[in-house]
Amino acid sequence: MVSWSIKLLNTKKIAPNSRIPALVLDDGQVILETTAICRYLECLYPEPNLFGDNPMEVAEIEMWYSRVSFELMLPLMHGFRHTHPHMSALENQNNEFGLAQRELAVKSLGYYEEVIKGKEFIACDKFSYADIQTVTSLQFLVRLNKIDLNNYKNLSIYINNIAARPSFLA
Ligand SMILES: N[C@@H](CCC(=O)N[C@@H](CS)C(=O)NCC(=O)O)C(=O)O
């Protein structure tokens, strides 16, 4: 059994890019990037499976993970980081860019409101890594952008279902 520990650290020694999370193994090896960490853990503990069980599932989960990242998460992230005063220490801010990204994110939310209609999960018929990315973008980043999710009925139903899972931490 491989032993490992999760540490939320933000030192340049562990993460030269000063970003979290970082997974430090007992032997000192470091893994940066959320997806890399999750893939490593799934290799160790393949069930319950979050990245797909067969070629089509793997493709579909990767497709939605990637689409949500670029179409929803990134514009929401830029919308916040380029406009909020607290982010000025971390970002070379461009307010105009931030506002344009926020507008793009709102457009995307309208699109995903239709995509998710009647669906329990974003990819396949099972909970996956793509749902984690989607719900993080929706719950956390939407709030930081001061967008009211109640205006998106289908997305709200989807999030509430995921948030009801025992493993979900608000
Ligand atoms: N692509 C990275 C992004 C990591 C990231 O941006 N983490 C944020 C917190 S959610 C951070 O550490 N920000 C600090 C900074 O921007 O300097 C991942 O998925 O792990």
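By class, the shell around the ligand holds three nonpolar, two polar and three charged residues. Ala, Val, Leu, Ile, Met, Phe, Trp, Tyr, Cys and Pro count as nonpolar, Asp, Glu, Lys and Arg as charged, and the others, Gly among them, as polar. The model is predicted: local features need pLDDT of at least 70, side-chain atom pairs count only at pLDDT 80 or more, and totals for chains, interfaces and linings use all residues. Residues are numbered from 1 along each chain as its sequence is written, and side-chain values use heavy atoms, without hydrogens and water.

The shell consists of Ser18, Arg19, Ile20, Pro21, Glu33, Thr34, Arg81 and Leu90 (each with a heavy atom within 4 Å of the ligand). A ligand nitrogen lies 2.7 Å from a side-chain N or O atom of glutamate 33. A ligand oxygen is 2.8 Å from such an atom of threonine 34. For arginine 81, the distance from a ligand oxygen to a side-chain N or O atom is 2.9 Å. Taken alone, the ligand exposes 510 Å², and the protein buries 64% of that (Shrake-Rupley method, 1.4 Å probe).

The largest nonpolar core has 31 residues. Such a core is a set of buried Ala, Val, Leu, Ile, Met, Phe, Trp, Tyr and Cys residues joined through side-chain atoms within 4.5 Å; buried means under 20% relative accessible area (1.4 Å probe, protein chains only). Leu109, Tyr112, Ile122, Leu138 and Tyr158 touch the most other members. The largest share, seven residues, comes from α2 (helices are DSSP runs of H or I, at least four residues, numbered from the N terminus). A second, separate core of five residues includes Leu23, Leu25, Ile31 and Ile37.

Key. Polar contact = N/O pair within 3.5 Å; in protein donor to acceptor, adjacent residues only side chain to side chain. Buried < 20%, exposed > 50% of the residue type's maximum accessible area, 1.4 Å probe, protein only. Helix = DSSP H or I, 4+ residues; strand = E, 2+ residues; numbered from the N terminus.
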